[in-house]
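Have the sequence and the 3D view open as you read.

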Amino acid sequence: MGTVETSASTRKRSKQAVKEEDTTPPVPQSSFHTFSDPADVVQLRSQLLSWYDKEKRELPWRTLALAESDINIRTYAVWVSEIMLQQTQVATVKEYYKRWLKKWPTVQDLAAATIEEVNQMWSGLGYYSRGRRLHEGAQKVVLELKGRMPRTVDDLLKQLPGVGRYTAAAVGSIALGQVTGAVDGNVIRVLCRVRAIGADSTRPTVTEALWNLSNLLVDPERPGDFNQALMELGAQVCTPKGPLCIKCPVQSHCRSYHKGSNLPDIEDCINSGACPLCPSEPWNNDLGVQNFPRKPAKKAPRVERTLTCVVTRTREEANEEFLFICLSKLTDLFDSLKLAVCVAVAIVCLQVVHIFSHIHQTYVVYSLCLKEQDTQTHTGKTQWLDRSALQEAAVSTGLKKVCFIRCLNVCEFLIMFSRPSFMFTILQILKLFDSADGLEDKNSKVSFYLVFQLD
C-alpha cells in the first residue's frame, strides 16, 4: 500500500517544538492556593507516598526504572515510555513498550534501526511523529553525545527532539533522581482540586502556579516516586468524572472537598485585587470537587476530507495481498510500479468517517481495478502484505479502515490506463471530488492517498 499526499490549497504547515523556558511573571498568590505550613507539605508527601507504595499499578517502565542500575539504559527506557504515553492510554502502551525494549534495549540499538522499522513497530500507536523523534533523538545521542543520554532536566529539554517541559521533568525525576515537579493532565486536576485553583488551567499564569506548587510539594528523597504518585492519584482516584474522594489519601488537604460553597473572599487572596487563581464562575454544589479544574470550551475537531483511491488487481493464484509502497512524492509512483498500458475499471465507492482525538476525517473512497498482470514491484521501497501483515504495518488506522470497508458496486466506468492517462485519471477523480463536494470551508484539507491492493 502506498500513500501520496497532496494538498488542494497552498497553506503551509509549521510545527515548531516549543522548548523555551516560560517567561510568565511570578503569580502573586495567598496561602489559600498553596501550602504555607511546611508541616502540611511533609504530611502530604508521607500520605501520598504511603498510598502509592500500596496501591500503585505494576507497569513495565516502573519495574525497569527500579531494577535497572545502568543510568544510560534507565534514562533511555523512561524516555521511551514517556513519549509513548503522550496522547495514548496506559493499557495500549504496555505491550508496545515491551516489544520496543525487546527489539531495541539500548539507545544504540534504536539509533542503528531504520525509520521503516521504527514506523512498523509504532504502527497502531498513532501520532507517528513521536516514533520518528525517538529515532532522531537516539541517533543524536549516539552521533553527537557519544552515546551518553542527557543527565539533567535542562539537557533533556535542550538536546532531545520532541521533549518538552513535562517530559524532561518526568524523565529527570524518575530516571535521574532530579528534584523537580512534573505537571501533566492528571497532576493539573489533582492540584487544582487540592488547592481550589479555579481559573482557566490553560492560562500561562495558572500553568506557572501549578508548576511552582508541584516543585514545592515534590519529595526530595523520592522525586520520581512522588511525581508518579500524583499522576497515579489522578488516574485512579481523582478522576475527571466520578472521583473516589472517600479513598483519597490527601483528602484532609483538599480545599475543594471541604469548602463546599464557602468560596474565599477576594481579600483573602489578593488585597483589594482580583485573584488570578480563583474561579470566575460561582461554585456548583452539584459538582463538588468536579468544579475544578476549569478549562475553556473544547474546540470542535478539525474537519478534513481526504480523497482515497483503492487500486486493486485480480490474480488467479494468490490470496489477497496489499502492496505497501514508501513514496515521498506522487511521481515516485511510476518508478515503483512500472505500469504497462492496460485496461482498468474505476469505481466510485463511499465515504468512510474516521474520528481522531482532534480531527474529524472523512475519506472519500474510489476504487481502481487493474486488469493487467505484469506489474513489476520488486524494489527496496515495496513489499506485499497479506491482511494480517497489513494490520501490523506502519499504516494509519484510518487507511486500514478504508481498505476493509471499501465498496465496489456504486459506479463503474472503463478507462485506458497508461502512465500519462493514469495521472489524468487521478486529476479527474480529484476534480470530481472537489466539484461534487463544493468545499466552502477553505480551511478543510483536501489530500490524495493511493492505496494499492493486489488480488
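**Helix packing**

Helices α10 and α11 are roughly perpendicular to each other (a class for angles of 65 to 115 degrees). This is a predicted model, where local features need pLDDT of at least 70 and side-chain atom pairs pLDDT 80 or more, while totals for chains, interfaces and linings use all residues. Residues are numbered from 1 along each chain as its sequence is written, and side-chain values use heavy atoms, without hydrogens and water.

Q: At what angle do α10 and α11 pack?
A: Take α10 as residues 185-194 and α11 as residues 204-217. Their axes (lines fitted to C-alpha atoms over the stretch in contact, with angles from 0 to 180 degrees between N-to-C directions) lie 11 Å apart. The packing angle is about 85 degrees.

Q: Which residues of α11 make the contact with α10?
A: Contact here means heavy atoms within 4.5 Å. From α10, I188, L191 and C192 take part. Their partners in α11 are L210, L213, S214 and L217.

Q: How many residues of α12 are buried?
A: Helix α12 spans residues 223-236. Buried means under 20% relative accessible area with a 1.4 Å probe, counting protein chains only. F226, L230 and M231 are among the buried residues, and α12 is mostly covered, the count being 12 of its 14 residues.

Q: Which helices do the buried residues of α12 pack against?
A: Those buried residues include P223 and L233. They pack against α1 (38-55), α2 (60-67), α9 (165-176), α10 and α11.

How values were computed:
Helices (H or I, at least four residues) and strands (E, at least two) are DSSP runs, numbered from the N terminus. Angles under 35 degrees count as roughly parallel, over 145 as roughly antiparallel, 65 to 115 as roughly perpendicular and the rest as oblique. The expected span of a helix is 1.5 Å times one less than its number of residues. Buried means under 20% relative accessible area, exposed over 50%, partly exposed in between (1.4 Å probe, protein chains only).
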